[in-house]
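Hi,

Here is the structure I promised to pass on. Have a look at it first, and then read my notes below.

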Amino acid sequence: MASKLKVATCSLAGCFGCHMSLLDIDERLLDLLEVVEFDRSPINDLKRIEGMVDLGLIEGGLCNAENVHVLRHFREHCRILVSVGECAVTGGVPSMRNHYTLRECLDEAYIRGVGVENAQIPSDPELPLLLDKLRPLHEVVRIDYYLPGCPPSAEAFWHFLTELIAGRDPSLPLQLLRYD
Amino acid sequence: MDHTKTFFLDGQEIPFKEGQTVFDAAMAAGVYIPHLCHNPDYEPHSSCRLCTVIVNGRPFAACTQPAVAGQMIQNDTPELREMRRTLTQMLFVEGNHYCPTCEKSGHCKLQATAYDLGLQDNHFPQFFPKREVDASHPDFVLDRDRCILCGHCVRVSRDVDRKCVFAMTHRGIKTEIVVDSPTGLLKDSRLTMEDEAANVCPVGALMPKRKGFQVPIGERPYDKAPIRVDSVKNFRIREERRHG
């Protein structure tokens, strides 16, 4: 039997909805695990990819410096990198902050926010610095495939993964292509 | 003797009447040509160029191109499909189109056209332009983030409602919709619920208030039929109503 394909996943500026949708393939996860094994992923809590993996699935856009580091780490260690979900593909809902300056966003959340006490903007050196604007993934690294949807449905994940693993074009058919 | 004139669209013989456009003849024959700035109820505008077809080797907008007997026209080719994809991607990146939060999702011609073209990414860097939302009117919201500058509201308010509530101002990437009122706000304009212009927006830019989710997601026009089926069906219903 051929060795299993290695798959890594992560969520950047996303809501983990795409990961939940992937889990929504339900019992077909067992079929999937016959042919793939998970490397770094929130599913197993590994933090780094050791060596190379075949497939990287990234949910969420880029809102801070750590997101960019993780994205570049994935690009270096994934043979095929997939931008998963509306936030990764276009910036999505988090990119609504791009209408405002970073200062306005921080003030709104930490200074003028409802119920805020001892108002101050967090500045712990451990916190990753926020990017001036939120960006989609393809503006920073090369992306091989896009899987749109908010989230992509379980059927869309299943179609994409099974077609790709079978060596075919994983483009979504019309009935599975949704942006909402 | 029947002297019905015809042209050839992707090799298919299409009959037409004198004065009919390539677009109208094709749609009447059941052949979909992608389009965004054109609504068959009104005069064509030919600004979005999505309906570009190749007529005898040269590109023309099908919505304004008069049909001529014997023309050899290409519509559904890989090259034209790629051009339409690129135009649609540019429309997505130059505005702020948040499908997951948009009340128009499932009833939006931009979204449905992108589905039809199989768009899975926007390719270009996002502009994230800063545009004004005008929610001042009690019955409507004008969300310029979603505007694709098709000009439907401008033309219909001027030509049908005879009110000229909307206009386009500035040029190029700075072009935007403005409202004719002393304050520039929709609430001080003459727009009312009865106006055709109030209900003509093909995207979610000009939306009635309190009606966004009357039809649930999943039961909307393009959830039921893809735009290429829906457009041709509606075109034929419209033709029958017009000509009996």
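Some housekeeping before that. This is a predicted model, so I kept to its own limits: local features need pLDDT of at least 70, side-chain atom pairs count only at pLDDT 80 or more, and totals for chains, interfaces and linings use all residues. Residues are numbered from 1 along each chain as its sequence is written, while chains are lettered from A and ligands numbered from 1 in the order in which they are written.

**Overall shape of chain B**

Chain B has six helices and 10 strands; these are DSSP runs, helices being H or I with at least four residues and strands E with at least two, numbered from the N terminus. Its C-alpha atoms fill a box of roughly 60 × 40 × 40 Å along the principal axes.

Of the 244 residues in chain B, 39% are buried. Buried here means 20 or more other C-beta atoms within 10 Å of the residue's own, exposed means 12 or fewer, and partly exposed is in between, with C-beta atoms placed from the backbone. Among the contacts in chain B with a separation of 6 or more, 64% link residues 24 or more positions apart; a contact is two C-beta atoms, placed from the backbone, within 7 Å.

Chain B is assigned domain 1 (5-76) and domain 2 (84-210), with bounds that come from an automatic or database domain assignment. Their centres, over C-alpha atoms, are separated by 25 Å. Domain 1 of chain B puts 10 residues into the contact and domain 2 of chain B puts in 14. On the domain 1 side, those residues are six nonpolar, three polar and one charged.

Between the chains, 17 residues of chain B meet 23 residues of chain A. The chain B side divides into eight nonpolar, seven polar and two charged residues.

**The core**

Which residues touch the most other members of the largest nonpolar core? They are A:Ile58, B:Ala26, B:Ala62 and B:Cys153, in a core of 95 residues. That core takes at least three residues from each of domain 1 and domain 2 of chain B. By nonpolar core I mean a set of buried Ala, Val, Leu, Ile, Met, Phe, Trp, Tyr and Cys residues joined through C-beta atoms within 7 Å. Beyond four places in sequence, B:Cys153 is in contact with B:Phe166, B:Ile177, B:Ala197, B:Val200, B:Cys201 and B:Leu206.

**Helices α3 and α6 of chain B**

Helix α3 (residues 109-116) of chain B is mostly covered, with eight of its eight residues buried. The buried set includes B:Lys109 and B:Asp116. Its buried residues pack against α2 (78-94), α5 (221-224) and α6 of chain B. After α3(B) comes B:Gly118, with a positive phi near 70°.

B:Glu240 sits in helix α6 (residues 227-243) of chain B, and counts as exposed because it has 9 C-beta neighbours inside 10 Å.

Strands β1 (residues 5-9) and β2 (residues 12-16) of chain B run antiparallel and are joined by five bridges; pairing needs at least two DSSP bridges. B:Thr6 has B:Pro15 as its bridge partner in β2(B). The two strands form a hairpin with two residues between them, and B:Asp10 in the turn has a positive phi of about 50°. B:Asp10 is partly exposed, with 15 other C-beta atoms within 10 Å.

B:Arg49 also deserves a look: its phi is positive, near 65°. B:Arg49 lies in the loop between α1 (22-28) and β3 (52-55) of chain B.

Over in chain A, the peptide bond from A:Cys150 to A:Pro151 is cis, with omega near -10°. A:Pro151 belongs to the loop between β7 (145-147) and α6 (154-165) of chain A.

Cheers

Notes:
Ala, Val, Leu, Ile, Met, Phe, Trp, Tyr, Cys and Pro count as nonpolar, Asp, Glu, Lys and Arg as charged, and the others, Gly among them, as polar.
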